[in-house]
Amino acid sequence: MARKQRFRDDEDAAIDMTPMLDIVFIMLIFFIVTTSFVKEAGIDVLKPKASNASNKPSANIFIAIKPNGEVHMDKRQVDVERVAANIERMIAEQPTETVIIQADKEAKHGVVVKVMDAIKSAGIEKISIAAEKK
């Protein structure tokens, strides 16, 4: 009889893994929800070189301007007049204070100014122009 009692104690001493798995799953959801997703412009541009370029804090919104004047946001081409509306939509999804413009060194100055004006009209005050260090 004593032998049967010992086997019952061993079976009762098993560790229940369910609460630990629940906690790990909740932590996973927390980290996924709180992770900052960067919305890059989606194209490569040849940035101008600057001797005084500095590293700025990262932003969530990138706007690329190609040499032919095409504006790209969120991996798609956008008309210059629609930049403000797209920024407002992106800010609603994920608030940010800074927008980074990645203008090609051959991009027309007028297009860059129009994009900067659209960014200001969307309510963003901090605009950074991307450049490479010399």
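**Notes on the predicted model**

1. Buried residues make up 29% of the 134 residues in the protein chain, where buried means under 20% relative accessible area, exposed over 50%, and partly exposed in between, with a 1.4 Å probe and protein chains only. The model is a predicted one, in which local features need pLDDT of at least 70 and side-chain atom pairs count only at pLDDT 80 or more, whereas totals for chains, interfaces and linings use all residues. Residues are numbered from 1 along each chain as its sequence is written, and side-chain values use heavy atoms, with hydrogens and water left out.

2. As to the overall layout, the protein chain has four helices and seven strands, these being DSSP runs numbered from the N terminus (helices H or I, at least four residues; strands E, at least two). Along the sequence they follow the pattern α-α-β-β-β-β-α-β-α-β-β. Among contacts between residues at least 6 apart in sequence, 71% join residues at least 24 apart, a contact being heavy atoms within 4.5 Å. The accessible surface of the protein chain comes to about 9,700 Å², of which 56% belongs to carbon and sulfur atoms; such areas come from the Shrake-Rupley method with a 1.4 Å probe, and for residues only the protein chains shown count as cover.

3. Helix 4, residues 109-121, has 13 residues and reaches 18 Å from its first C-alpha to its last, close to the 18 Å expected at 1.5 Å a residue; the expected span is 1.5 Å times one less than the number of residues. After helix 4 comes G123, whose phi is positive, near 105°.

4. Which residues of helix 4 are buried? They are V111, V112, V115, A118 and I119, and, seen down the axis of helix 4, the buried residues fall within an arc of 125°, so they line one face of the helix. The arc is that of the directions from the helix axis to the C-beta atoms. On the other side of helix 4, H109, K114, D117 and S121 are exposed. The cover over the buried residues of helix 4 includes strand 2 (61-65), strand 3 (71-73), helix 3 (83-93), strand 5 (98-103) and strand 6 (126-129).

5. The largest nonpolar core has 22 residues, of which I63, I65, V83, I87 and V115 touch the most other members. A nonpolar core is here a set of buried Ala, Val, Leu, Ile, Met, Phe, Trp, Tyr and Cys residues joined through side-chain atoms within 4.5 Å. Strand 2, strand 3, helix 3, strand 5 and helix 4 each supply at least two residues of this core, and helix 4 gives the most, with five residues. Leaving aside residues up to four places away in sequence, V115 touches I63, I65, V71, V83 and I101.

6. Most residues other than glycine have a negative phi. D74, although not a glycine, has a positive phi of about 55°, and K75, likewise not a glycine, has a positive phi of about 65°. D74 is partly exposed, with a relative accessible area of 25%, whereas K75 is exposed, with a relative accessible area of 67%.

7. How many salt bridges are there by the rule used here? The count comes to four, a salt bridge being a side-chain nitrogen of Lys or Arg within 4 Å of a carboxyl oxygen of Asp or Glu. One of them joins the side chains of E93 and R89 at 3.3 Å, N to O; being four residues apart in helix 3, E93 and R89 are separated by about one helical turn. E93 is partly exposed at 46% relative accessibility, and R89 is partly exposed at 30%.

8. Among the salt bridges there is also a pairing of E70 with K66, at 3.6 Å from N to O, in which E70 is partly exposed at 23% relative accessibility and K66 is partly exposed at 28%. E125 forms another with K120, the closest N and O atoms being 3.6 Å apart; here E125 is exposed, with a relative accessible area of 56%, while K120 counts as partly exposed at 40% relative accessibility.
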